[in-house]
Amino acid sequence: MDGLNINNIKILKAMLNNSQSQNEKMKNLIGLSKEELVAEMELIGEKPFRAKQLWHWIYNQGATDFSQMTSIARGMQQKLAETYSVARPAISKDNLSFDKTRKWLLKFDDTQEAETVFIPDADRGTLCISSQVGCTLTCKFCHTGTQRLVRNLTAAEIVNQLIIARDCLDEWPSTQEVRMISNIVMMGMGEPLYNYDNVAKALKIIMDGEGIGLSRRRITLSTSGVVPLIEQCGRELGVNLAVSLHAVRDDLRNDIVPINKKYNIKMLLDACRNYPRASNSRRITFEYVMLKGVNDSVADAKELVRLIKGIPALINLIPFNPWPGTIYECSHWKQIEAFADVVRSAGYASPIRTPRGQDILAACGQLRSESIKESKAEQSRKLKEAS
């Protein structure tokens, strides 16, 4: 009997290993461009129209399984399921704030994690998407900056953040007249322009009219100032640009936004002046976190106005959101209003952002996961444990 049990265990292990091997061979179709999807169909002997069908089911209908794709014959559904998947990342945590802000911690195939935040408002719903696990930069006031870069997210992992949010909010198909997620901001974990190729590929998928179909006017990409890629972003993607400025002097910005040592304020603002999509109807947003006694004086406000002269701009003042271990405090409300008054009197809109999701660490500058960069051997061990 003991021998039989051991044999059964061996058989089960062999079956499990075979199943895992099969899963590893499955190629996920989410994140592929239209051209790549056509190429995949050609590999399995199918005509290009099949790619169009799949694009519709994945990005318009939100299908989670090939069996849901009713315009595709059952035999073809089975053929696709033998080689491909449309799987989403796992949701490690799903947190809901008292103010209805919702944050998902997503776990990817290699067990690394990143956060995505949905911020509902009366007139819009904004999804804040991450571009990296951790961050290339080390901005001192940002919680994400305390987590060193683990890796870039793939185009699939970027697109899947929107797909999962739409799954959770029951927002399929894409043809719904009223969308809860009406806007996207690339303002989550990471510096989008240091992962430009994957971010661009993902946004092109999201903007495609035959799928999710979100207008480029409803997408904002935020950068801390990767100057060489700003013009390319405007020319190729045409999305709205937000710039994390946060200081008006190079010495201070060098300290709190270290990328300034490479691309200083003048270089950054020159790139903004030349941004292809900048106009009075499509202003560049300058993000400015309000740090008590650091960058919040009236003199700072006057210098900000001088620096951005001639740029179609909106100044988004962000009350600092605290996080465990920070050395900074938020500016007093009267000081924030005095700063805003100077900017507004110069003719620039200067809204003060209302903090959202602070109780679940989902507010601006609070995102962070526990992922760390590991050796290949450690990654391999974790993958085996997870499977």
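Buried, in this talk, means under 20% relative accessible area, exposed means over 50%, and partly exposed is in between, with a 1.4 Å probe and protein chains only. Helices (H or I, at least four residues) and strands (E, at least two) are DSSP runs, numbered from the N terminus.

The model is predicted: local features need pLDDT of at least 70, side-chain atom pairs count only at pLDDT 80 or more, and totals for chains, interfaces and linings use all residues. Residues are numbered from 1 along each chain as its sequence is written, and side-chain values use heavy atoms, with hydrogens and water left out.

I start with the whole chain. The chain has twelve helices and 13 strands. Of its 387 residues, 52% count as buried. Contact means heavy atoms within 4.5 Å. Among contacts with a separation of 6 or more, 66% are between residues 24 or more positions apart.

In H4, which covers residues 74–83, Met76, Gln77 and Leu80 are buried. Why are they on the same side of H4? They cover an arc of only 105° around the axis, and that puts them on the same side; the arc is taken from the directions from the helix axis to the C-beta atoms. The buried residues of H4 pack against helix H2 (34–43), helix H3 (49–60) and strand S2 (84–85). On the other side of H4, Arg74 and Glu82 are exposed.

Asp296 is in the loop between strand S12 (284–290) and helix H10 (298–307). Its relative accessibility is 8%, so Asp296 counts as buried. Which residue does the side chain of Asp296 join in a polar contact of 2.8 Å? The partner is the side chain of Ser331. Asp296 and Ser331 are 35 residues apart in sequence, and their C-alpha atoms are 6.9 Å apart in space. Not counting residues up to four places away in sequence, Asp296 also touches others, including Met290, Gln335 and Phe339.

Ser222 sits in strand S10 (residues 219–223). Ser222 is buried because its relative accessibility is 8%. Its side chain makes a polar contact of 2.8 Å with the side chain of Glu287. Leaving aside neighbours within four places in sequence, Ser222 has contacts that include Met186, Pro192 and Ser244.

On to the cysteines. A disulfide is a pair of cysteine sulfur atoms within 2.5 Å, and by this rule the count is zero. For Cys139, the closest cysteine sulfur is in Cys142, 6.3 Å away, so it is too far for a bond. Cys139 is buried at 11% relative accessible area.

Last, the backbone. Most residues other than glycine have a negative phi, and most peptide bonds are trans. Trp172 and Pro173 are joined by a cis peptide bond, with omega about 0°. Pro173 lies in the loop between helix H5 (155–168) and strand S9 (183–186).

Phi is positive at Lys100, near 80°, and at His246, near 70°. Are these two residues buried or exposed? Lys100 counts as exposed at 55% relative accessibility, whereas His246 is buried at 4%.

Technical notes:
A polar contact is a pair of N or O atoms within 3.5 Å; within protein, one must be able to donate a hydrogen and the other to accept it, and residues adjacent in sequence count only if both atoms are side-chain atoms.
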